[in-house]
Amino acid sequence: MDAAAAITDGFHLVVDGLKLNGVDTIYTVAGIPITDLLRLAHTEGMRVYGFRHEQNAGNAAAIAGFLTQKPGICMTVSAPGFLNGLVALANATTNCFPMVLISGSSERHIVDLEQGDYEEMDQMAAAKPFAKASYRVNRIEDIGVGIARAIHAASSGRPGGVYLDLPAAVLGSTLELSAAKKSLFKVVDASPASIPSSESITRALNLLSKAEKPLILLGKGAAYAQADKDVRAFVEKTGIPYLPMSMAKGLLPDDHAQSAAAARSFVLKNADVVMLVGARLNWLLSHGKPPTWNPNTRFIQVDIAAHEIDSNRPIEAPVVADIKSAMAAFLAAMKPGQIKPPAAWLSSVTEQKQKNVEKMAARLNADPTPMNFSSALRAVRSALSSRPDVYVVNEGANTLDFGRNILDMKEPRHRLDSGTWGVMGIGMGYAVGAATVSGKPVVAIEGDSAFGFCGMEIETICRYKLPVTTVIFNNNGIYRGDTPGIAPTPTGLYNNARYDKMIEAFGGVGRHVEKTADLQQAVSEGIASGKPTLINAVIDPQAGTESGHITNLNPKSALHK
Ligand code: ADP
Ligand code: MG
């Protein structure tokens with residue numbers, strides 16, 4: 001190398017530092033001051049996916065983190081672009097997904113004296129309350145440290161979102177090549193194993209062995225841990241009924257004999273010992289409290305985050321560990337015949353399951369015109385039944401709630417949905433993230449309202465020719481549609497919109513369907529073709545209920561009749 005070339009700059013160091021740590025993909029929207037950074041990453045062979053809005057790029061990075069256990073990387077421009085990405089970073093943190101948001105920022109000396117710079121903002125401070133950690137690199141020689149700290153913080157312990165601030169001046173400054181090389185390093189053991197104490201394992205097994213009505217509850221932490229074989233072996237060796245939280249569906253196939261999903265309310269109300277595995281007792285589980293739960297339930301909780309223990313109900317047997325290590329320890333410590341759930345409990349669960357399945361069958365097998373949520377989801381389910389490899393993204397109110405119950409999953413980490421916040425708008429970002437990480441087809445089942453938050457990304461899907469089939473459950477509104485002819489209400493959307501036409505503008509395949517048979521066929525063809533497809537599925541505007549299954553969270557005005 002000649003003397004003139006013996007320097008490098010911040011742009012090169014960021015790309016080299018990321019590549020050194022195995023990062024091969026960036027989700028982003030280009031602009032000042034990161035445009036050249038993205039160009040460089042692109043020419044250096046990284047996969048750079050350009051989105052239309054930073055929130056969707058961030059959601060793609062977050063779900064990539066969930067699927068791979070490596071932080072997904074999102075890059076944004078300063079202030080407004082950063083804030084857009086911050087929504088996704090906060091959502092990643094809330095869901096315990098590893099992600100790093102890297103944003104360019106304006107001149108420090110101007111920002112800090114509030115002298116009015118282009119896109120002026122103290123982004124590091126703004127990110128702090130919404131992220132697991134928030135760092136800024138102020139000197140070019142610290143880029144390597146910044147990347148390493150961000151990766152460690154995002155991946156270790158309970159994973160989460162980390163913000164890394166890169167001022168434009170740092171990107172543009174230079175460093176001698178020899179010093180630059182030394183300033184980068186490769187992270188060793190980004191998510192170290194957390195081994196449970198043997199006392200905690202014995203305590204948990206003892207409690208489980210005394211249970212009259214035990215239940216195992218699998219959450220998305222268990223799915224994230226990629227301990228699929230051991231989780232299944234543990235469930236099967238104990239013979240205990242289990243319930244999957246929505247993103248843990250498929251960890252064991254939903255048609256597994258021990259699944260208590262069809263008897264959910266019954267087992268939550270009656271179980272006397274519940275073992276939580278990577279699931280929090282938050283609102284999605286009614287905080288573990290009556291009337292949903294038995295007031296006398298005793299709890300075992302397996303979680304990597306010690307501070308999660310005792311968050312809502314007393315935990316009699318905490319097991320603080322990563323789930324892979326915990327499951328291995330349980331399997332090693334369990335004595336033959338030690339855990340044997342009473343036959344009476346197992347048969348009562350089976351009986352309740354049968355009753356509920358029969359009750360649901362009538363609604364599920366009906367074929368009304370226009371379609372309702374159940375019949376349309378049955379059609380989608382039929383199309384998916386022969387393709388367990390397909391990733392399912394699901395959001396909406398009714399579309400989500402019915403989807404969670406009706407769509408069976410057979411593979412781990414193949415259901416990606418609104419998650420811990422119950423957020424809307426993750427759909428297209430998650431779809432792009434899942435497609436780019438896995439190379440597999442994705443079917444995104446979207447309420448028409450949820451789609452509105454991220455719908456422009458169908459252009460991104462078409463541009464990169466991703467195998468994503470988007471199904472819009474179009475009932476003309478949030479929860480339900482307006483009566484035709486009246487002025488728009490706060491929850492109404494454009495009547496009889498043809499979302500299928502949108503994708504045609506970008507060369508994708510648009511389908512408009514009104515019948516279940518056509519919907520099933522359109523989904524099957526979308527998957528088989530591998531082409532970006534958008535299916536406008538007409539749902540009865542009167543079919544939805546307010547907030548889906550969580551109507552009870554909506555306070556009613558005293559004046560509301
Ligand atoms: P769900 O919504 O499916 O109930 P939550 O997001 O509420 O799941 O809970 C996931 C839990 O899993 C979090 O408390 C988190 O700390 C924990 N967790 C995440 N990864 C791991 C892991 N590898 N090992 C153990 N626990 C984990
Ligand atoms: Mg709707």
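## Ground rules

Since the model is predicted, local features need pLDDT of at least 70 and side-chain atom pairs count only at pLDDT 80 or more, while totals for chains, interfaces and linings use all residues. Residues are numbered from 1 along each chain as its sequence is written, chains are lettered from A and ligands numbered from 1 in the order in which they are written, and side-chain values use heavy atoms, with hydrogens and water left out.

## The parallel sheet

Let's start with the open sheet: six strands, paired in parallel, in the order β15-β14-β16-β17-β19-β18. Strands here are DSSP runs of E with at least two residues, helices are runs of H or I with at least four, and both are numbered from the N terminus. Two strands pair if DSSP finds at least two bridges between them. The edges belong to β15 (415-417) and β18 (509-513); each has a single partner strand, so one side of each is left without a neighbour in the sheet. From one strand to the next, the twist averages 15°.

Further in, β16 (residues 442-447) and β17 (residues 468-474) run parallel and are joined by six bridges. Val 443 has Thr 469 of β17 as its bridge partner. Helix α16 (residues 373-384) packs on the sheet and touches β14 (391-395), β16 and β17, with its direction at about 165° to that of β17. α18 packs on the sheet too, touching β14, β15, β16 and β17, and its direction makes about 175° with that of β16. Contact means heavy atoms within 4.5 Å; axes are lines fitted to C-alpha atoms, for helices over the stretch in contact, and angles run from 0 to 180 degrees between N-to-C directions.

## The magnesium ion

Three protein donors lie 2.1 Å from the magnesium ion (ligand 2): Asp 448 (OD), Asn 475 (OD1) and Gly 477 (O). Donors are N, O and S atoms within 2.8 Å of the metal (3.2 Å for Na, K and Ca), and water is not among the atoms, so sites may look incomplete.

Along the chain, the donors follow the spacing D-x26-N-x1-G. Asp 448 sits in helix α19 (residues 448-452) and Asn 475 in the loop between β17 and α21 (499-504), so to speak a link between distant parts of the chain, 27 residues apart.

## A pocket and a cavity

The second largest pocket holds about 500 Å³ of space. Of its 24 lining residues, Gly 22, Val 23, Thr 68, Lys 70 and Pro 71 are the closest to its centre. The largest share of the lining, three residues, comes from α3. On a 1 Å grid over the protein atoms alone, a pocket is an open set of points with protein on both sides within 12 Å along at least five of seven lines, whereas a cavity is a set where a 1.4 Å probe fits but cannot get out; lining residues have an atom within 4 Å of a point. Grid points are joined across faces, edges and corners, and a volume is the space filled by probe spheres set on the points.

There is one cavity of 30 Å³ or more. The largest cavity has about 50 Å³ of space, and its lining includes Gln 55, Asn 59 and Trp 421. α3 and α4 (79-95) each supply at least two lining residues.

Most peptide bonds are trans. A cis one joins Ile 32 and Pro 33, with omega about 5°; Pro 33 is in the loop between β2 and α2 (35-43). Another cis bond runs from Pro 290 to Pro 291, omega near 5°.
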